[in-house]
Amino acid sequence: MEMNDLELIRLTDFFKALGDPARVRILCLLLEGEECVGGLADRLQMTQSAVSHQLTVLKNHRLVGSRREGKQVYYALADEHVRMVIGMGMEHVMEG
């Protein structure tokens, strides 16, 4: 499969976004379903500010999406592709 320079850069950025343990932990939790910042912070034992920062990075790379319900913002995996990449990555590391 041939990729142009822009596509290659976008793919590299996609994998860079997965290069932080906190972001991968967030994505793994979101495999279970959507969650708000406070819920993620509690489950990860991180500050809401730290979780918000990581969610911004994930959102900028189109790995998560959000929806507002009143004052609360809920985050979820952006699409089935993200679910598949995380799931396949987990399978790969657990096999070895």
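In this predicted model, α2 (21-30) and α5 each supply at least two residues of the lining of the second largest pocket. The largest pocket also draws at least two lining residues from α5 (80-95), and at least two from α1 (5-17).

- The volume of the second largest pocket is about 170 Å³.
- Its lining consists of F15, L18, V24, C28, V85, I86, G89, M90 and V93.
- Helix α5 gives the most to this lining, with 5 residues.
- Sorted by class, the lining of the second largest pocket holds 8 nonpolar residues and 1 polar residue, with no charged residues.

**The largest pocket**

- About 390 Å³ of space lies in the largest pocket.
- A total of 14 residues line the largest pocket.
- Nearest the centre of the largest pocket lie R10, F14, H61, R62 and L63.
- Helix α1 provides the largest share of the lining of the largest pocket, namely 5 residues.
- The lining of the largest pocket is made up of 6 nonpolar, 3 polar and 5 charged residues.

**Helix α5**

- Helix α5 has 16 residues, and at 1.5 Å a residue these should span 22 Å.
- At the start of α5, the backbone nitrogen of H81 has a side-chain oxygen of D79 within 3.0 Å.
- As a general point, an α-helix has 3.6 residues a turn, so residues three or four places apart point the same way.

**Cysteines**

- A disulfide is a covalent bond between the sulfur atoms of two cysteines.
- The count of disulfides in this model is 0.
- The cut-off for a disulfide is 2.5 Å between the sulfur atoms.
- Is C36 buried or exposed? C36 has 12% relative accessibility, so C36 counts as buried; the limit for buried is under 20%.
- C28 has 25% relative accessibility and therefore counts as partly exposed.
- C28 is also one of the residues that line the second largest pocket.

Definitions and conventions: Residues numbered from 1 in each chain as written. Predicted model: local features only at pLDDT ≥ 70, side-chain atom pairs only at ≥ 80, totals over all residues. Heavy atoms only, no water. 1 Å grid on protein atoms, 1.4 Å probe; cavity = no way out; pocket = protein on both sides within 12 Å on 5 of 7 lines; lining within 4 Å. Points joined across faces, edges and corners; volume = space filled by probe spheres on them. Helix = DSSP H or I, 4+ residues; strand = E, 2+ residues; numbered from the N terminus. Nonpolar A, V, L, I, M, F, W, Y, C, P; charged D, E, K, R; others polar. Expected span 1.5 Å × (residues − 1). Polar contact = N/O pair within 3.5 Å; in protein donor to acceptor, adjacent residues only side chain to side chain. Buried < 20%, exposed > 50% of the residue type's maximum accessible area, 1.4 Å probe, protein only.
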